[in-house]
Amino acid sequence: MKRTIFVAAIATLAAGSALAQSSVTVYGRLNVTAERFTANKQTTYLLNNNASRIGFKGVEDLGGGLQASFLMESGFSPDTGAASATFWGRESWVAIGGAFGKVRLGNMGRTNAYFTTADYISMHNHDTGTSEDKLYLYPGRATNMIAYTSPSLSGLVVDAQLSLSETSQAGRTYVLTANYDQGPLHLGGSYLQAGAGRPGAKEKEYGLRALYELGDFTVGAYYIRNDNVFGNNGWKRNAVRVSAMYTMGPGELHVNVGKAYAIKGNAITGDDALQATVGYNYNLSKRTKVYTYYTRVTDDARLYTGKYGTLAAGIRHNF
């Protein structure tokens with residue numbers, strides 16, 4: 001009997017030791033706007049979800065400098081309570097990391113080409129809702145993906161991603177990005193090829209991004225070139241975006257403008273598009289802010305998202 005109690009005590013201590021070396025965190029964001037949406041001379045008033053989500057992430061120390069980690073993230077709409085159609089569709093992956101970097105397997109949500117360019121400079125509402133970057137094309141897939149992230153080499157981090165085609169006809173997606181951070185300067189470059197291994201044109205994307213912090217003022221910009229747009233051989237498009245933020249204590253003033261130029265090789269006239277946004281955020285705490293913005297999209301050919309204007313006021317809370 002005494003021996004049984006002793007073994008049970010040792011087992012309990014061992015379990016406590018293992019738990020001390022691992023952790024699981026619940027996190028999320030609720031982000032909702034009340035909006036006045038105007039398109040085709042018709043006005044609609046609505047509540048809009050801005051990429052609200054709930055997630056679980058964890059890490060375990062394996063010893064010898066190795067760590068296992070995971071992340072599962074699901075989107076939902078606070079205005080209705082409805083969950084996204086694919087429950088863990090935002091992200092779901094498992095990883096092993098160490099001095100060599102990190103290898104992840106699973107669904108990355110978006111490719112790192114997007115995170116290096118469009119997402120990185122979208123500061124006013126984290127590239128969500130009606131004011132998100134409507135001109136970015138999102139080529140390729142981030143599901144069924146193998147991803148490698150290098151350790152930082154004097155501020156330089158390289159990422160390589162491969163999305164397997166499996167039984168899909170979409171083909172493979174290859175992504176290579178590099179991000180360099182040195183003090184106030186943040187540079188990035190990306191290359192993406194989608195549709196590899198399938199018949200037809202392979203979509204390609206080349207991106208460059210820069211962001212600079214100068215005291216209370218931050219400015220960022222990207223340039224993106226897309227080849228074989230929407231899978232059409234010979235269609236080429238250039239796009240640029242510039243964003244700026246000026247902080248005033250807890251307040252932030254935001255302005256950004258994006259331009260998609262006419263697609264070369266496309267017979268449609270007027271297929272260029274413009275998006276402009278001005279906004280103001282007020283941070284009530286590190287987790288909660290209230291904000292307002294006006295965004296306008298001019299896209300007469302409706303190749304991207306149509307033509308509309310939106311005045312919005314919202315609340316965002318992180319937990």
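A salt bridge is taken here as a side-chain nitrogen of Lys or Arg within 4 Å of a carboxyl oxygen of Asp or Glu. The model is predicted, so local features need pLDDT of at least 70 and side-chain atom pairs count only at pLDDT 80 or more, while totals for chains, interfaces and linings use all residues. Residues are numbered from 1 along each chain as its sequence is written, and side-chain values use heavy atoms, with hydrogens and water left out.

Select D227 and R225 to begin: their side chains form a salt bridge with an N to O distance of 2.8 Å. D227 is buried at a relative accessible area of 9%, where buried stands for under 20%, exposed for over 50% and partly exposed for what lies in between (1.4 Å probe, protein chains only). R225, at 30% relative accessibility, is partly exposed. Next, show R53, E73 and R90, which salt bridges with shared partners join into one network.

Move on to E132 and K134, whose closest N and O atoms are 2.9 Å apart in another salt bridge, and both of these residues are buried. Over the whole structure, the search finds 8 salt bridges.

Turn now to the rings. The structure holds 9 aromatic pairs, counted for rings of Phe, Tyr and Trp (its six-membered ring) with centres within 6.5 Å; planes under 30 degrees apart are stacked, over 60 edge-to-face, and the rest tilted. Select F56 and W88, an edge-to-face pair with 6.2 Å between centres and 75° between the planes. F56 belongs to strand β3 (residues 53-63) and W88 to the loop between β4 (66-75) and β5 (91-98), so the pair ties together parts 32 residues apart in sequence; strands are DSSP runs of E with at least two residues, helices runs of H or I with at least four, numbered from the N terminus. F56 is partly exposed at 28% relative accessibility, and W88 is partly exposed at 29%.

Then pick Y114 and Y136, a tilted pair at 5.6 Å centre to centre and 55° between the planes. This pair links helix α2 (residues 112-116), which holds Y114, with the loop between α3 (118-121) and β7 (145-149), which holds Y136, 22 residues apart. Both tyrosines are buried.
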